[in-house]
Amino acid sequence: MEDTHVGFIKGSITYVGTPDSVKIYPGNKRMKMTWRLSDPSATLAKVYWNNKSDSLVVPVKLAAGSDLMELMFDNMKEGTYSFDILMFDNKNNRSVSKNVVGRVYGDTYVNTLLGRPVKQAVFDKEKVTVSWGIADQTAIAAEISYRDKSGTRLSVRVPPDSMTTTLKNYSMSLYGTFEYRTLYAPDSLSLDIFSTASQTVKVTGPPIEYTRTGWTGGLEDYDIPTGRVPQNLLDNNINTIWHMDKNKSYPHPVTIDMKTVNTVNGLTYNQREPLDGAVKLVEIQVSSDNLTWRSLGAYTFENLRGKQYLELLEPAAFRYFKVIVRSDYKNGSASALAELGAYRR
């Protein structure tokens, strides 16, 4: 086959070499297109799109020692485009058309982006520890903006696989919040970085656990033959457990009486160790009189050893709280829990 770097003849028509290795670089209402010039005789390029209702005509201009041609398309509407590229020589001979498809991004794309969730941001000893939820698979980073004790604005970029971030030299008394946004690149060749709208996160103080002296656990559900009662949840001993009634299936409730109304930011818990079918999905209900109850929603206990802190969606004031266990990590009919408590911030 004849070398593609020179024109070729088909019948009585002389053709210019077709563009080679075309790449599309998508951007924010713009796009870049590059290709390698396969024929040095080419002097002009014409690019058509929108069924040839739009076009761009440019002379061939290459950097010294390069065979790469580059075009920018600005002020483009968001959407997908089909392009036809033709090359011409100085005798108006043309190439076979090269078709490529590219996409331009804009506001519609930005409106689909999800901010990476922040589980909590806790202040302690002049620093804030930010705990993250799972990032979207296409997110490239989260970007935090905050002021330190001196008032200097700082920016921290967080990789998508980082689950915690530390903000140093922070003043809780001066600020108490920070802002962040989530960054996206829709394509590995993207010209631009896109972001969600900035979100404000409230910083909380460290958890302060309520003393459980005098607290009691109800007897509505437990394994009667072994006597592993709910009171075992309150004895500061992870080796004694509350075991749910094996003769019943989920849900399994346990009610704790704190003896006084407390403002609670979250619950502490210890799974039974070793981990074996640990508690998973729970509903939390609260009451001030043990008669009228309201639900604080569904939560997931982590399948982890050691003391865990479960932050409520909003602080709540109550005397009684009920944890209704609805599933475990082995899909069984009953499970066990070692410790249960509450904390404020």
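This report describes the overall form of one predicted protein model and then some of its residues.

## Overall form

Along the principal axes, the C-alpha atoms occupy a box of roughly 100 × 55 × 35 Å.

## Burial, surface and charge

Buried residues make up 41% of the 345 in the chain.

The side chains include 41 positive and 37 negative ones. The centres of these two sets are 2 Å apart.

S287 belongs to strand 22, which covers residues 281-287. Is S287 buried or exposed? Its relative accessible area is 3%, and buried means under 20%, so S287 is buried.

The side chain of S287 has a polar contact of 3.0 Å with the side chain of D289. A polar atom of the S287 side chain also lies 2.8 Å from the backbone nitrogen of N290. Leaving aside residues up to four places away in sequence, S287 touches T292, W293, F318, R319 and Y320.

## Two cis peptide bonds

Most peptide bonds are trans. Which residues does a cis bond with omega of about 10 degrees join? The bond is between Y250 and P251. P251 is in the loop that runs between strand 20 (242-243) and strand 21 (252-271).

Another cis peptide bond leads from E273 to P274, with omega near 0 degrees. P274 is placed in the loop between strand 21 and strand 22.

## Two residues with positive phi

Most residues other than glycine have a negative phi. N236 is not a glycine, yet its phi is positive, at about 60 degrees. N236 sits in the loop between strand 19 (216-217) and strand 20. With a relative accessibility of 66%, N236 is exposed.

K259 also has a positive phi, near 70 degrees, and is a residue other than glycine. K259 is part of strand 21. Its relative accessibility is 42%, which lies between the cut-offs of 20% and 50%, so K259 counts as partly exposed.

Key:
Residues numbered from 1 in each chain as written. Predicted model: local features only at pLDDT ≥ 70, side-chain atom pairs only at ≥ 80, totals over all residues. Heavy atoms only, no water. Buried < 20%, exposed > 50% of the residue type's maximum accessible area, 1.4 Å probe, protein only. Lys, Arg positive; Asp, Glu negative; His and termini not counted. Charge placed at Lys NZ, Arg CZ, Asp CG, Glu CD. Helix = DSSP H or I, 4+ residues; strand = E, 2+ residues; numbered from the N terminus. Polar contact = N/O pair within 3.5 Å; in protein donor to acceptor, adjacent residues only side chain to side chain. Contact = heavy atoms within 4.5 Å.
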